[in-house]
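The following exercises concern the meeting of two chains and the surroundings of one residue. Please work through each task before reading its solution.

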Amino acid sequence: MSDTLAHVAEADPVPVGEPGPERSAGRTVLRYAVRLLLVLVFALPLLFMLVSSFKPDTQIFGDLDSIDAFLPVGDVSLDNYSAVFDRVPFWQFMMNSVLITVLTVVLGLIVNSMAAFALARLKFRGQGILLGVILATLIVPFETLALPLLWWVNHLPYYDGSIGWLDTYEVQIIPFVANAFSIYLFYTYFDSIPRELDEAAKVDGASWFTIYRRIVMPLSGPAIATVSILTFLPAWNQYLWPLMAVQSESLRPVLVGIDYFSQLTTNWGQIMAYASMITVPVLVMFIAFQRAFINSIATSGVKG
Amino acid sequence: MTQTLGAAHPTPPTVGQIEKLSFKQRRYTKAKQSQRLAAAWMVTPAVALLLVFVIIPIVLTFALAFTNAKLISPTGPQFVGIDNFSRLFGDPVFWKSLRNTLIFTIFVVPLQAGLALVLALLINVRIRGVNFFRTVYFLPVVTSMVVISLLWKFMYQPNGLINGFLAVFGIDGPDWLGNPNTALVAVLIMSIWQAVGFHMVIWLSGLQTIPQDMYEAGAIDGASNWQRFRYLTWPALRQTRTFILITITIQAFALFTQIQVMTQGGPLDSTSTIVYQAVRTGFSLQQTGYASALSLVFFVLVLVVSLAQRYLTRDKDVKK
């Protein structure tokens with residue numbers, strides 16, 4: 001929405017919330033100065049991380065007291081990056097994270113949208129209660145459940161007949177597939193799609209599943225985008241759960257990997273290289289889709 | 001389960017029942033039945049997963065808190081009454097963790113919400129580059145907390161970036177994370193920096209629901225900037241405000257990642273929190289029962305806040 005506002009800006013530089021009659025050049029400069037200062041506050045630490053990843057430790061510490069800390073100057077190389085690959089199976093960690101995130105998002109989209117479709121567009125007994133129970137689980141933060149859940153999955157039968165799900169890919173994915181908030185977002189979106197579409201399709205002999213797959217889902221692009229982003233961020237950034245539920249190095253996601261890595265080494269340049277490799281792709285994706293990202297977060301505030 | 005659901009009609013009506021119905025009724029029943037069947041198919045995966053991975057663990061939090069359950073144990077959990085709680089309330093680390101959690105929350109809520117509102121107001125204007133500013137302020141939100149914690153751990157070193165910056169102004173910065181007096185403050189500053197963009201976006205979406213003609217009317221009446229904010233913007237943001245305060249509070253109660261990565265609860269337990277302590281006892285020491293008691297305390301805190309939210313929103317509806 002701010003983008004539309006940004007367009008208007010060119011014609012009329014009056015603030016939306018605070019239309020002031022005075023529009024002196026001095027005020028304009030001040031206005032930009034404050035905002036640019038804030039840009040530095042938010043961007044500089046991340047820039048520092050990226051720049052330091054190319055420097056050896058002596059250079060990083062030597063640059064700390066000058067502006068060079070934020071500039072790729074001096075002894076700059078890719079040594080830290082190759083050191084990361086030498087010390088840990090970085091690509092394995094990366095692949096684990098990608099696999100876990102993609103599966104959580106995709107399975108989540110299917111499972112949650114189907115449930116929401118039934119709740120929003122079909123009639124069955126106990127519907128209201130079911131929706132109420134699902135929404136009630138929203139107030140329980142994951143941190144409350146983490147330890148009982150750890151004990152519980154350790155006692156669940158695994159599909160190969162053994163007991164206990166710890167130290168698997170599944171334990172990093174399956175518990176996070178069904179999500180009450182995703183169901184809620186799909187539910188409100190589906191609720192807004194006219195029901196005449198269903199009736200028309202029914203007359204043509206479509207089954208409910210066909211209506212879901214061929215009519216409602218294709219119309220739900222914005223809801224799918226929102227749910228994808230809101231599932232992607234926590235799945236990618238998961239830390240507490242894999243820290244507890246996964247021991248094998250081969251199953252470790254990148255973020256638990258960096259925690260172990262930082263305990264292995266005192267070389268900050270290498271830590272910054274590792275941190276940059278897991279952060280930059282997400283930031284690039286964010287900048288490319290920033291409107292969708294920000295709108296999704298804004299949507300998450302609507303439930304209040 | 002899939003097997004029974006796979007059958008076209010799990011409990012088909014008997015011929016006798018159908019013959020008693022008129023044609024219209026018959027069609028209606030069939031339609032209703034196919035709806036129920038489709039619904040069962042479609043909600044079952046989500047409901048089963050929520051049941052196994054959310055609802056049962058909620059029940060287990062309550063149940064295990066009264067047992068001596070261990071993560072790995074040859075014998076099953078045994079009921080021990082309120083032993084975990086009496087141990088908990090007699091544990092000085094628990095009281096320190098609770099105190100740290102509450103102090104962190106008391107400071108983070110107004111500071112983060114306030115700064116986020118200032119950012120939102122700065123962005124909610126017609127100037128060039130609004131999109132750019134908003135994107136940059138939001139960057140830390142999409143960056144993982146683990147990465148941010150490591151980065152700031154480095155910046156907080158006695159001879160690190162932050163003290164280097166302070167030295168420019170002639171300030172001799174402390175050993176931020178190594179000093180029990182400043183460690184929690186350091187975590188607080190970093191946490192605000194990371195999440196403030198998130199709440200800025202929520203404030204923004206609240207601000208953009210305020211109709212412009214309200215401001216135009218205010219301008220005609222000659223209201224000052226402050227008056228416009230105080231009498232128009234602030235009351236209109238009531239709903240958003242409640243939401244933001246509640247989410248920050250609950251997130252603050254759950255303080256964990258920063259502590260695990262940066263301080264491990266130290267120095268001298270000055271940064272230990274409830275969730276950190278729960279994870280340490282429950283995971284590192286494998287004492288699930290004791291950790292569940294801690295989780296329960298955490299859950300009660302969250303519940304109190306959520307009930308307060310209920311109360312606050314209801315209060316508003318009554319006034320309307």
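**Exercise 1.** How many residues of chain A are in contact with chain B, and how many residues of chain B take part?

*Solution.* The model under study is predicted. In it, 105 residues of chain A are in contact with 94 residues of chain B.

**Exercise 2.** Describe the area buried between the two chains.

*Solution.* The size of an interface is often expressed as the accessible area lost when the parts come together. Here chain A and chain B bury about 9300 Å² between them, and 76% of this area lies on carbon and sulfur atoms. On the side of chain A, R35(A), F42(A) and W151(A) supply 9% of the area buried against chain B, more than any other three residues. By element, helix α2 (residues 25-52) of chain A gives the most to the side that touches chain B, with 14 residues. By class, that side of chain A has 79 nonpolar, 15 polar and 11 charged residues.

**Exercise 3.** Count the salt bridges and polar contacts between the chains.

*Solution.* The count of salt bridges between chain A and chain B is 0. Across the same interface, 12 residue pairs are in polar contact, both residues having pLDDT 80 or more.

**Exercise 4.** Is N100(B) buried or exposed?

*Solution.* First, locate the residue: N100(B) is in helix α5 (residues 92-123) of chain B. Next, apply the cut-off: buried means under 20% relative accessible area. The value for N100(B) is 4%, so N100(B) is buried. Finally, examine the surroundings. Beyond neighbours within four places in sequence, N100(B) is in contact with L184(B), D269(B), S270(B), T271(B) and S272(B). The side chain of N100(B) reaches the backbone oxygen of D269(B) at 3.0 Å.

Note on methods:
Residues numbered from 1 in each chain as written. Chains lettered and ligands numbered in written order. Predicted model: local features only at pLDDT ≥ 70, side-chain atom pairs only at ≥ 80, totals over all residues. Heavy atoms only, no water. Contact = heavy atoms within 4.5 Å. Buried area = accessible area lost by both parts, 1.4 Å probe. Salt bridge = Lys/Arg side-chain N within 4 Å of Asp/Glu carboxyl O. Polar contact = N/O pair within 3.5 Å; in protein donor to acceptor, adjacent residues only side chain to side chain. Helix = DSSP H or I, 4+ residues; strand = E, 2+ residues; numbered from the N terminus. Nonpolar A, V, L, I, M, F, W, Y, C, P; charged D, E, K, R; others polar. Buried < 20%, exposed > 50% of the residue type's maximum accessible area, 1.4 Å probe, protein only.
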